[in-house]
Amino acid sequence: MFRGKLPAMVLAAILLLVALTGCRAERPAPEFDFTLEQSGDALVVNVQTGTFKVPENGHVHIRIDDGPEAMLYKTTYTVPKMDPGRHKVVVELSDPQHNYFGVRKEKEIEIK
Amino acid sequence: MKRLVPVLLTLLLILSIAPSVGAHNLSATAAFSLTGDELTVRVMDVYGAAVEGAKATVAASAPGKKGQPAPLTEIQPGTYRGTISAPGTAEYDLLVEITVFEELFRGGIRVAAGESLAETLVPMVPIDPPLKHSFWGPVLYGAAALVLLVATVVALRRQRGAEEEA
């Protein structure tokens, strides 16, 4: 009954899945950048998101020194107390469903 | 090898769900202070940054009971304050819920009646909302992958049976 039709069935099922979910489609990654600044003991991260509006279009995820993820619904983030030394900050934008756009930016700062 | 292709494709589909399921791993901590019936809660994220603009409630209840949530007001960025209504038992529980957009965090502490509470750190546990709109994507994807897997197995078995009959 299915002889010779299997590859076509599998292909059709995959196409159907893609059509049904639509969630794997490639989306253009929004342009963004960020600056790091020391203010006393604090680290201030300012994210410039251009036409990507926060929180309407999504939000910002931040990781410091490969630590856990912090999430913000605004474009300024202040860590009140940072230890002196060199720190790495990674910023990514995500949509409201927490799906990343596939672009992350990384910067370092020396806290004195 | 040719027969493995649909199975491998199905596995690929199942694996592709993984990044969208449980990918979010947020955490927060709250510092509870209680003076009289006035509760102050300072909410911080994993790096100690103030969690601003949240909706916060507190419910005071006898241990094991459910209390009526009362709103807390943000008095400064990341700090929320409100009045509790203690149930009159020797001890009671304070349950604070913080909602930052769609993210819900919950944390609680047991307090002796009539006693103040110096600033005490309480972990705020992220609670998955029952139905987020992102919920159905992975579920639909997973269900479809399961159907594809079962259909592939059935088709392969029938194909094998047809070959044996021939």
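Two residues are in contact if their C-beta atoms, placed from the backbone, lie within 7 Å. In chain A, take the contacts with a separation of 6 or more: residues 24 or more positions apart account for 50% of them. This is a predicted model, in which local features need pLDDT of at least 70, side-chain atom pairs count only at pLDDT 80 or more, and totals for chains, interfaces and linings use all residues. Residues are numbered from 1 along each chain as its sequence is written, while chains are lettered from A and ligands numbered from 1 in the order in which they are written.

Start with chain A. It holds one helix and seven strands. Helices (H or I, at least four residues) and strands (E, at least two) are DSSP runs, numbered from the N terminus. Along the sequence, the pattern is α-β-β-β-β-β-β-β. Of the 112 residues in chain A, 17% are buried. A residue counts as buried if 20 or more other C-beta atoms lie within 10 Å of its own, with C-beta atoms placed from the backbone.

Now look at the sheet in chain A. Four strands form an open sheet in the order 4-3-6-7, with antiparallel pairing. Two strands pair if DSSP finds at least two bridges between them.

Chain B is next. Here eight strands form a closed barrel, running 1-2-5-4-3-6-7-8, and the pairing is antiparallel. Strand 1 and strand 2 of chain B are joined by eight bridges. Leu34(B) has Leu39(B), in strand 2 of chain B, as its bridge partner.

Last come the cores. A nonpolar core is a set of buried Ala, Val, Leu, Ile, Met, Phe, Trp, Tyr and Cys residues joined through C-beta atoms within 7 Å. The largest one has 22 residues, and Val41(B), Val43(B) and Ile98(B) touch the most other members. Strand 1 (28-35), strand 2 (38-45), strand 3 (55-61), strand 6 (91-100) and strand 7 (103-112) of chain B each give two or more residues to this core. Strand 6 of chain B gives the most, with five residues. Apart from this core lies another, of 17 residues, among them Phe32(A), Ile64(A), Tyr77(A) and Ala49(B).

Conventions: Buried ≥ 20, exposed ≤ 12 C-beta atoms within 10 Å, placed from the backbone.
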